[in-house]
Amino acid sequence: MSTPSPFLQPSAAACPDALAILHLKRDLLTPTVLRTYDDEQLGYAEGKVTTTRYGNYPHSTLIAQPWGSQIRASLVDTGTRGRVGLHLGSGKKRKREPSSRSQRDGPPPVERAIKPGPEHTRSPELKSTKPPIPAPTGFCHILPPTPEIWTASLPHRTQVVYTPDYSYILQRLRVTPGTTLIEAGAGSGSFTHAAARAVFNGYPKDPTTLGHDQSTQELPTAPPRTGRVWSFDFHEQRVQKLAAEIQEHGLEGIVTATHRDVYQDGFALDGPSSNPTINASAVFLDLPAPWMALRHLTRHPLSPLNPLISVHLCTFSPCIEQVQRTVSALRSLGWLEIEMVELSSHRIEVRRERVGLQEEGLRGVNASPATLEEALGRLREVEGRDRSYHHGMTSQTRGEDPADEATGEYVSKQQRLQHIRDAQADRKLYNEGRLVHRSEPELKTHTSYLVFAILPRAWTDDDERRAHEWLGAGPVKESNGANESKSKRQMKREAKEQAGSSKDIEMDDE
């Protein structure tokens, strides 16, 4: 592992060639990889630039900034960047495709090829960049990547498992640092990143080394246990994209993405390994038909489950019919403590609400009268302004001077708003108003049913013998007859039933 993962061990500030999240507003986050040069060669004079609806942010203004800093947007040079054709080194404009041209357009115009100049052949790292100019409006906050933030900003390839779901799932599966977990149905990688952080307890020396659970600590020669996540998906392109993200995020020593149909092929490992099985103690199945994969999760010689401890399982299903079939399969395969859970989470917004006429013209406030005195004062002001207006009109009609009869000082709306803005500088707005809370109007999640089950460890005759010796109960008695394995109460009941049946036979003979 050359550099630590920003998801597991973030640095104090944003670093080049590392993932960062631009927080633009609530529920609007943009992930970007910080570069000291324009790797896409889009032609911005300021180097690499991330463009959003709330402004442009050159990466030179983001690198080396402490996490959580507020970054102002910049004015970038968009008129001379030559976006199209620059990365090819030709400098030519892109031609319209022949299929999109109509017959009346005629033959395509002949364009003169521009010979690549030294500015096109020069390495992007050596290109000089223009210092950015701060924009009058627009800002963002730069945040380190975490599984929660990544879930809210990742590119959706499939329906994702959101934070309220996977946090509860990991707790019920008893995932701790050093756990080996199987995930089937990786999808967009939301649960994968959360599971990687939950099992992380250090980077393995060899990325191909398997994780070991607590049960392997009883062996004195066992290597230190390291948490692992084995992720499976049947869609090859999704697996390739997930593997690329894992490598880019520095998780390749903890997460292994495998392309496989677990319905047919199970969870066996590919390639030579010192340990032929995964020895997982937790399983998460996000599959359309999880009951078809359960036949590979039993106690058999090549099972991917750890044979020395109990295994916890969770399935994620959107339909109750899937739950019914899954529960039936779990019961038939010996899983215990089967339980279904449905999660419904809300996000509650807590903020200060400022109400009053002194808030007029300000943003995010309620500029209505807060008290009866404020309402009466505004009403007197409006009535006085009306009287002043009508008196002026009457005086002009009669030819009198309107200033002869004073009707009070008139304050325009613009003057009143300017006075409120001037007084805002001396106010402690963070401590004004009353605390209110409101539930989120739209719940950003989807209906899902979680089925949990536990598969106890395999119990053999040798385990029973060792348990007897450890408890001091002596050796296990060998069974010589059928009655030795029965209790006295059961033997007495069977004797009575046999005696009753013999009496019935005698009565039939008579």
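Select Ser190, Phe191, Thr192, His193, Ala194, Ala195, Ala196 and Val199: these are the buried residues of helix α4. The helix spans residues 190-199 and is mostly covered, with eight of its 10 residues buried. Keep in mind that this is a predicted model.

**Aromatic cluster**

**The whole chain**

Zoom out. The chain holds 11 helices and 15 strands. Of its 510 residues, 36% are buried. Its accessible surface is about 31,700 Å², and carbon and sulfur atoms hold 52% of that. Now consider the contacts with a separation of 6 or more: residues 24 or more positions apart account for 72% of them.

**The largest nonpolar core**

Select Val262, Phe267, Val283, Leu285, Leu297, Leu313 and Trp335. They have the most contacts inside the largest nonpolar core, a set of 29 residues. Colour the elements that give two or more residues to this core: β7 (180-184), β8 (228-233), α6 (262-265), β10 (282-285), β11 (311-317), α7 (320-332) and β15 (449-455). In soluble globular proteins, nonpolar side chains tend to be buried together.

Centre on Phe267. What is Phe267 in contact with, leaving aside its neighbours within four places in sequence? The partners are Ile182, Ala184, Phe232, Arg260, Val262, Ile278, Leu285, Ala293, His296, Leu297 and Pro304.

Next, pick Leu173, Val229, Ile246 and Phe452. They are among the members of a second, separate core of 28 residues.

**Between α6 and β10**

Go to Asn279, in the loop between α6 and β10. Its phi is near 60°, a positive value in a residue other than glycine. Asn279 counts as buried, because its relative accessibility is 15%.

**Around helix α5**

Select Arg238 in helix α5 (residues 236-248). Is Arg238 buried or exposed? Its relative accessible area is 17%, so Arg238 is buried. Show what Arg238 touches, not counting residues up to four places away in sequence: Arg157, Thr158, Gly187 and Asp233.

Move to Arg157. It forms a salt bridge with Glu245, with the closest N and O atoms 3.0 Å apart. Arg157 lies in the loop between α2 and α3 (163-172) and Glu245 in helix α5, so the pair ties together parts that are 88 residues apart in sequence. Glu245 has a relative accessibility of 11% and therefore counts as buried.

**More salt bridges**

How many salt bridges are there? The count comes to 12.

Select Asp463 and Arg466. Both lie in helix α10 (residues 461-471), three residues apart, about one turn of the helix. Asp463 counts as buried, at 10% relative accessibility.

Now show Asp17, Arg35, Asp39 and Lys48. A network of salt bridges links them. Look at Asp39 and Arg35 within it: their salt bridge has its closest N and O atoms 3.3 Å apart. Asp39 counts as partly exposed at 32% relative accessibility. Arg35 also counts as partly exposed, at 22%.

Stay with Asp17. It is found in the segment before β1. Asp17 is partly exposed, with a relative accessible area of 48%. Check its backbone: phi of Asp17 is near 60°, a positive value in a residue other than glycine.

**Phe7 and Trp150**

There are six aromatic pairs to find. Select Phe7 and Trp150. Their ring centres are 6.2 Å apart and their planes stand at 90°, so this pair is edge-to-face. The pair links distant parts of the chain: Phe7 is in the segment before β1 (19-25), Trp150 is in helix α2 (residues 147-153), and the two are 143 residues apart. Phe7 is buried, with a relative accessible area of 6%. Trp150 is buried too, at 5%.

**Last stop: the surface**

Leu435 sits in strand β14 (residues 434-439). Why does Leu435 count as exposed? Its relative accessibility is 58%, and exposed means over 50%.

Methods
Residues numbered from 1 in each chain as written. Predicted model: local features only at pLDDT ≥ 70, side-chain atom pairs only at ≥ 80, totals over all residues. Heavy atoms only, no water. Core = buried A, V, L, I, M, F, W, Y, C linked by side-chain atoms within 4.5 Å. Buried < 20%, exposed > 50% of the residue type's maximum accessible area, 1.4 Å probe, protein only. Helix = DSSP H or I, 4+ residues; strand = E, 2+ residues; numbered from the N terminus. Contact = heavy atoms within 4.5 Å. Phe/Tyr/Trp six-rings, centres within 6.5 Å; stacked < 30°, edge-to-face > 60°. Areas by Shrake-Rupley, 256 points an atom, 1.4 Å probe, with all protein chains shown as cover. Salt bridge = Lys/Arg side-chain N within 4 Å of Asp/Glu carboxyl O.
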